Amino acid sequence: MPIYDFQCNQCDTKFDEYFRSASERKKLFCPSCKSGNVKKIFSVFGMSVKGGGAAGSDGGSGGCGSCTASSCTGCGS
Ligand SMILES: [Zn+2]
């Protein structure tokens, strides 16, 4: 599950948003001032390549590292 960081252009508040897929688009609002004027900023944790197997730092949420599934229901761990 991709996680992207965003920053509000109005009040500079940084926040992150989860996306179900890398191609999903949804309207984002600043959690602080409710402005829709936000921009995407890139972070290391947001860079997850699907099927690449290079997602080493997943923060311990979801996946076991030996499969590409987001939830380990199929790999037996
Ligand atoms: Zn804001």
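This is a predicted model: local features need pLDDT of at least 70, side-chain atom pairs count only at pLDDT 80 or more; totals for chains, interfaces and linings use all residues.

**Strands and sheet**

Q: How do you know that S1 and S3 pair?
A: Four bridges join S1 to S3, and the two strands run antiparallel. Pairing takes at least two bridges found by DSSP, so S1 and S3 count as a pair.

Q: What makes up the secondary structure of the chain?
A: The chain has zero helices and three strands. Both kinds are DSSP runs, numbered from the N terminus: helices are H or I with at least four residues, strands are E with at least two. S1 spans residues 3–8, so it passes the strand cut-off. Along the sequence the pattern is β-β-β.

Q: Why is one side of S2 and of S3 left without a neighbour in the sheet?
A: The open sheet has the order S2-S1-S3, with antiparallel pairing. S2 and S3 stand at the edges, so each has a single partner strand. From one strand to the next, the twist averages 40°.

Q: How many bridges pair S1 and S2, and in which sense?
A: There are five bridges, and the sense is antiparallel. Asp5 has Asp16 in S2 as its bridge partner. Phe6 stands opposite Phe15 in S2. The two strands form a hairpin with five residues between them.

**The zinc site**

Q: Which residues are the protein donors of the zinc ion, and what makes them donors?
A: They are Cys8, Cys11, Cys30 and Cys33, each through its SG atom, 2.2 to 2.3 Å away. A donor is an N, O or S atom within 2.8 Å of the metal (3.2 Å for Na, K and Ca). The four SG atoms therefore qualify. Their spacing in sequence is C-x2-C-x18-C-x2-C. Cys8 in strand S1 and Cys30 in the loop between S2 and S3 are 22 residues apart, and the pair links distant parts of the chain.

Q: Why is the site of the zinc ion called tetrahedral?
A: The angles among its four donor atoms are 105 to 118°. Four donors count as tetrahedral if all angles lie between 85 and 135 degrees.

**Inside and outside**

Q: Is Asp12 buried or exposed, and how do you know?
A: Asp12 has 52% relative accessibility. Buried means under 20% relative accessible area, exposed over 50%, partly exposed in between (1.4 Å probe, protein chains only). Asp12 therefore counts as exposed. Lys34, at 59%, counts as exposed too. Both Cys8 and Cys30 are buried.

Q: What is the phi of Asp12 and of Lys34?
A: Asp12 has a positive phi of about 65° although it is not a glycine. Lys34 also has a positive phi of about 65°. Most residues other than glycine have a negative phi. Asp12 lies in the loop between S1 and S2, and Lys34 in the loop between S2 and S3.

Q: What makes up the largest nonpolar core?
A: Eight residues do: Tyr4, Phe6, Cys8, Phe15, Phe19, Leu28, Cys30 and Val38. Strand S1 gives the most, with three residues. Such a core is a set of buried Ala, Val, Leu, Ile, Met, Phe, Trp, Tyr and Cys residues joined through side-chain atoms within 4.5 Å.

Note on methods:
Residues are numbered from 1 along each chain as its sequence is written. Side-chain values use heavy atoms; hydrogens and water are left out. Four donors count as tetrahedral if all angles lie between 85 and 135 degrees; four count as square planar and six as octahedral if opposite donors are over 155 degrees apart and all others between 65 and 115; anything else is irregular. Axes are lines fitted to C-alpha atoms, for helices over the stretch in contact, and angles run from 0 to 180 degrees between N-to-C directions.
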